[in-house]
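Open the structure in your viewer and keep the selection tool at hand. This tour goes stop by stop, saying what to pick and what is there.

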Amino acid sequence: MNRPTANGRGRTRQGGEPWIMKETGKRLKTSRQRELVLELLRRSDDHPTAELLFLRARERMPSISRGTVYRNLKILKKAGRIRELVIGTGVVRYDCDMREHYHITCERCGRIDNLPHVIPRISCGDIAACTGYQVYSHRLTVSGLCPVCFQQTCRGHGEEDGAAGDDHDIPEKRL
Ligand SMILES: [Zn+2]
Ligand SMILES: [Zn+2]
């Protein structure tokens, strides 16, 4: 295991918000690794998996381990900073936008995007009015094929995987 020594002395970085664990109310010390994971998540628009985040984190911090990324994702979730999404392909993906919003997911590669805000939200009050339920929350997920996967399907190439950017080796276009 990769034990921090030089920077693992419990000092809290100045200016950082305190990390409070939701369930216990315990205050957590900040860590460079955790801040990196959160920053990468904020910059991602595809709601990445833990593995994708690990690969992105390693580009920035080569010494970071898979276990550290996974552990910090759990901590961030418990602290209420991020949430897990399990939609579409059933793989856990992560979202740091804690506001209520709708998602659209690709059935092939599993990426998840936010639905643009031009699509109006259904009001919980309207649902309550026509169902008689006390409505606390709702979610809407639209599924389909993302532009990359759709392109691959058009080319007759989408069976293997949905890796973005894999558009080499294109035979003649066929309908
Ligand atoms: Zn896709
Ligand atoms: Zn989202």
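This is a predicted model: local features need pLDDT of at least 70, side-chain atom pairs count only at pLDDT 80 or more; totals for chains, interfaces and linings use all residues.

Two strands count as paired if DSSP finds at least two bridges between them.

**Stop 1: the open sheet.** Select strands S5, S6 and S7. These three strands form an open sheet in the order S6-S5-S7, with mixed pairing. Look at its edges, S6 (112–114) and S7 (141–144). Each has a single partner strand, so one side of each lacks a neighbour in the sheet. On average, neighbouring strands here are turned by 25° against each other, direction ignored.

Now keep S5 (residues 103–106) and S7. They pair in the parallel sense over four bridges. Pick isoleucine 104: valine 142 in S7 stands opposite.

**Stop 2: the whole chain.** Colour by secondary structure. The chain has five helices and seven strands. Read from the N terminus, the order is β-β-α-α-α-β-β-β-β-α-β-α. Of the 175 residues in the chain, 17% are buried. Take contacts between residues at least 6 apart in sequence: 49% of them join residues at least 24 apart.

**Stop 3: helix H1.** Select residues 32–43, the twelve residues of H1.

Next, highlight Gln33, Arg34, Val37, Leu38, Leu40 and Leu41, which are buried. Look down the axis of H1: the buried residues fall within an arc of 160°, so they line one face of the helix. On the other side, Arg32, Arg42 and Arg43 are exposed. What covers the buried residues of H1? The cover includes helix H2 (50–60), helix H3 (66–78) and strand S4.

**Stop 4: the core.** Show side chains for Val37, Leu38, Leu40, Leu41, Leu53, Phe54, Ala57, Val69, Leu73, Leu76, Ile82 and Tyr94. These twelve residues make up the largest nonpolar core. H1, H2 and H3 each supply at least two residues of this core. The largest share, four residues, comes from H1.

Centre the view on alanine 57. Leaving aside residues up to four places away in sequence, alanine 57 touches Leu36, Val37, Leu40, Ile64 and Val69.

**Stop 5: the hairpin.** Select S3 (residues 83–86) and S4 (residues 92–95). The two strands run antiparallel, joined by four bridges. Click arginine 83: its bridge partner in S4 is aspartate 95. S3 and S4 form a hairpin, with five residues between them. Within the turn, find glycine 88, which has a positive phi of about 70°.

**Stop 6: helix H4.** Go to residues 124–131. How many of the eight residues of H4 are buried? The count is zero, and this helix is hardly covered. Step on to glycine 132, which follows H4 and has a positive phi, near 80°.

**Stop 7: arginine 121.** Step back into the loop between S6 and H4, where arginine 121 has its place.

Arginine 121 and histidine 138 are 17 residues apart in sequence, and their C-alpha atoms are 9.9 Å apart in space.

Notes. Residues are numbered from 1 along each chain as its sequence is written. Chains are lettered from A and ligands numbered from 1 in the order in which they are written. The expected span of a helix is 1.5 Å times one less than its number of residues. A residue is buried if 20 or more other C-beta atoms lie within 10 Å of its own, exposed if 12 or fewer, and partly exposed in between; C-beta atoms are placed from the backbone. The arc is that of the directions from the helix axis to the C-beta atoms. Two residues are in contact if their C-beta atoms, placed from the backbone, lie within 7 Å. A nonpolar core is a set of buried Ala, Val, Leu, Ile, Met, Phe, Trp, Tyr and Cys residues joined through C-beta atoms within 7 Å. Axes are lines fitted to C-alpha atoms, for helices over the stretch in contact, and angles run from 0 to 180 degrees between N-to-C directions.
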